[in-house]
Amino acid sequence: MLRKRNPLIICGAFIFVAWNVILVFVLMRRPSTQGALDTPDKPGNTGDGAGGGQLGNLMNEVMRVANAFEAELASQKKILLQIQNHWAVWDNKGGVTAAKPKSQAEHSAPAVIPILVIACNRVTVKRCLDKLIEHRPSAELYPIIVSQDCGHAETSDVIASYGSQLTHIKQPDLSDISVPSQHKKFQGYYKISRHYRWALNQVFNSFSYSAVVVVEDDLEVAPDFFEYFRALHPILKSDPTLWCVSAWNDNGREGFVDPGKASLLYRTDFFPGLGWMLTKDLWAEIEPKWPASFWDDWMRHPDQRRDRSCIRPEISRTLTFGRKGVSLGQFYDKYLRFIKLNSEFVPFTKMDLSYLEKKKYDESFEKEVYAAPIVTVEDLKSGKLSGSGPFRVQYSSPDSFKTLARSLGVMDDLKSGVPRAGYRGVVSFLLRGKRVCLAPPAGWSQYDPSWS
């Protein structure tokens with residue numbers, strides 16, 4: 001129905017004009033309340049007096065009709081403006097793609113970007129929600145939807161306490177899932193995958209939003225979290241070589257990021273998660289084959305990624321505080337709890353982010369990485385290198401990557417051959433104030449999934 005917008009507007013405009021023509025006709029035909037125009041001259045009145053009285057009454061009547069007409073026009077204008085505003089909201093929710101006149105497009109309402117919070121049995125979801133609401137610039141543009149699994153009453157009460165500040169939905173299927181015997185200890189991962197599928201279907205199919213930012217109940221967001229996703233939303237929608245925007249840097253620990261470059265953004269081939277935005281189009285592509293478990297590693301498989309990239313920041317816009325969970329604290333004590341959360345508000349929506357376009361980015365990226373001198377780990381740790389870099393440390397096999405990554409202090413695991421935070425095999429980070437690129441040899445062409 002929304003796609004028939006233009007005929008509906010034309011019809012509405014016609015009805016609006018016709019109504020006002022009828023209104024004017026009726027008002028002009030309305031008899032005077034004083035009867036001056038319908039009553040003949042009384043005997044004894046002089047011609048001049050009667051004529052003056054009739055003229056005065058006529059002028060009063062004309063002024064009355066004009067005032068009534070003006071008031072009615074103002075009322076009709078308000079109605080039309082309300083209709084226009086509703087159309088703008090429906091466009092943003094439903095992703096209507098019908099062409100608009102230039103003047104209307106230039107003044108169209110900004111897109112609505114909902115925040116989906118995946119919750120279960122952590123009452124500490126309050127910390128996540130408090131920060132989202134504290135930093136949220138508009139409840140209308142960023143509605144918060146909390147999807148709860150597990151049926152945990154105390155957590156449900158915490159979520160419900162926020163009232164109209166958010167929408168609370170509950171995953172209805174709380175049953176155990178039949179899993180292979182060797183996966184019995186991974187039952188939680190199966191339930192998480194089921195919950196994600198249900199929750200994302202609610203956002204895109206029931207609420208009819210065209211994009212969403214997904215966070216889990218153990219994430220705290222930065223002050224410019226909303227600004228970050230607002231600025232990157234149109235880029236994600238328009239660039240077919242991208243499939244997500246993430247707030248997370250896997251190697252974003254204190255000392256491994258440049259505190260003076262909070263505005264710096266990267267393309268990455270590794271799906272980071274931990275506060276990420278996807279579109280309805282992507283969900284329509286991957287939902288039919290959504291996995292029964294381990295959904296995040298499944299996203300990192302070449303069959304899903306299809307050579308597309310995500311955007312990530314130099315400094316993370318999310319911080320995880322959930323050590324306990326189905327992953328049993330994997331990586332938390334060594335890496336995750338040291339991630340630096342950005343504290344400086346960056347006005348991304350006012351910045352030129354065109355450098356993230358693939359062609360521009362790749363040209364600049366290749367030049368910066370492969371023009372950098374090759375050094376060893378010992379060189380970097382000796383303190384003898386001058387300048388801030390970049391410096392290149394080269395690996396040639398999965399074993400050499402892991403050895404070098406461990407020596408340099410960055411995450412050493414590979415998923416389908418892709419290193420965490422990597423782009424074209426290169427991992428960029430800061431070490432002792434110097435920019436370092438852990439990189440494959442020049443001429444790199446593709447990932448080898450056997451490197452996992």
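## Disulfides

In this predicted model, the link of C244 and C310 is right-handed, with 115 degrees about the S-S bond. The sulfur atoms of this disulfide are 2.0 Å apart, a disulfide being a pair of cysteine sulfur atoms within 2.5 Å. The pair links distant parts of the chain: C244 belongs to strand β6 (residues 242-246) and C310 to strand β9 (residues 309-313), 66 residues apart. Strands (E, at least two residues) and helices (H or I, at least four) are DSSP runs numbered from the N terminus. C244 counts as buried at 1% relative accessibility, and C310 counts as buried at 1% as well. Buried means under 20% relative accessible area, exposed means over 50%, and partly exposed is in between, with a 1.4 Å probe and protein chains only.

The structure holds two disulfides; C120 and C150 are also joined, with an S to S distance of 1.6 Å. The link of C120 and C150 is left-handed, at -90 degrees about the S-S bond. C120 lies in the loop between β1 (115-119) and α4 (125-135), and C150 in the loop between β2 (144-148) and α5 (153-160), so this pair ties together parts that are 30 residues apart in sequence. C120 is partly exposed at 22%, and C150 is partly exposed at 36%. Counting bonded cysteines along the chain, the pattern is 1-2, 3-4.

## Numbering and confidence

Residue numbers start from 1 along each chain as its sequence is written, and side-chain values use heavy atoms, with hydrogens and water left out. Local features need pLDDT of at least 70 and side-chain atom pairs count only at pLDDT 80 or more, while totals for chains, interfaces and linings use all residues.

## Aromatic pairs

Rings of Phe, Tyr and Trp (its six-membered ring) pair if their centres lie within 6.5 Å; planes under 30 degrees apart count as stacked, over 60 as edge-to-face and the rest as tilted. By this rule the count comes to 24 aromatic pairs. One of them is F186 with F294, an edge-to-face pair at 5.4 Å centre to centre and 75 degrees between the planes. F186 lies in the loop between β3 (167-170) and α6 (187-206) and F294 in the loop between α8 (280-286) and α9 (295-299), so the pair ties together parts that are 108 residues apart in sequence. F186 is partly exposed at 24% relative accessibility, and F294 is partly exposed at 25%.

Y196 and W295 form a tilted pair, 4.4 Å centre to centre with 35 degrees between the planes. Y196 is in helix α6 and W295 in helix α9, so the pair ties together parts that are 99 residues apart in sequence. Y196 is buried, with a relative accessible area of 1%, and W295 is buried at 8%. Y196 and W295 belong to one aromatic cluster with W243, F271, W276, W283, W290 and W298.

## Charges over rings

A charge sits over a ring if NZ of Lys or CZ of Arg is within 6 Å of the ring centre and within 35 degrees of the ring normal. R253 lies over the face of F256, at 4.4 Å from the ring centre. The charged end of R312 sits over the ring of Y266, 4.1 Å from its centre.
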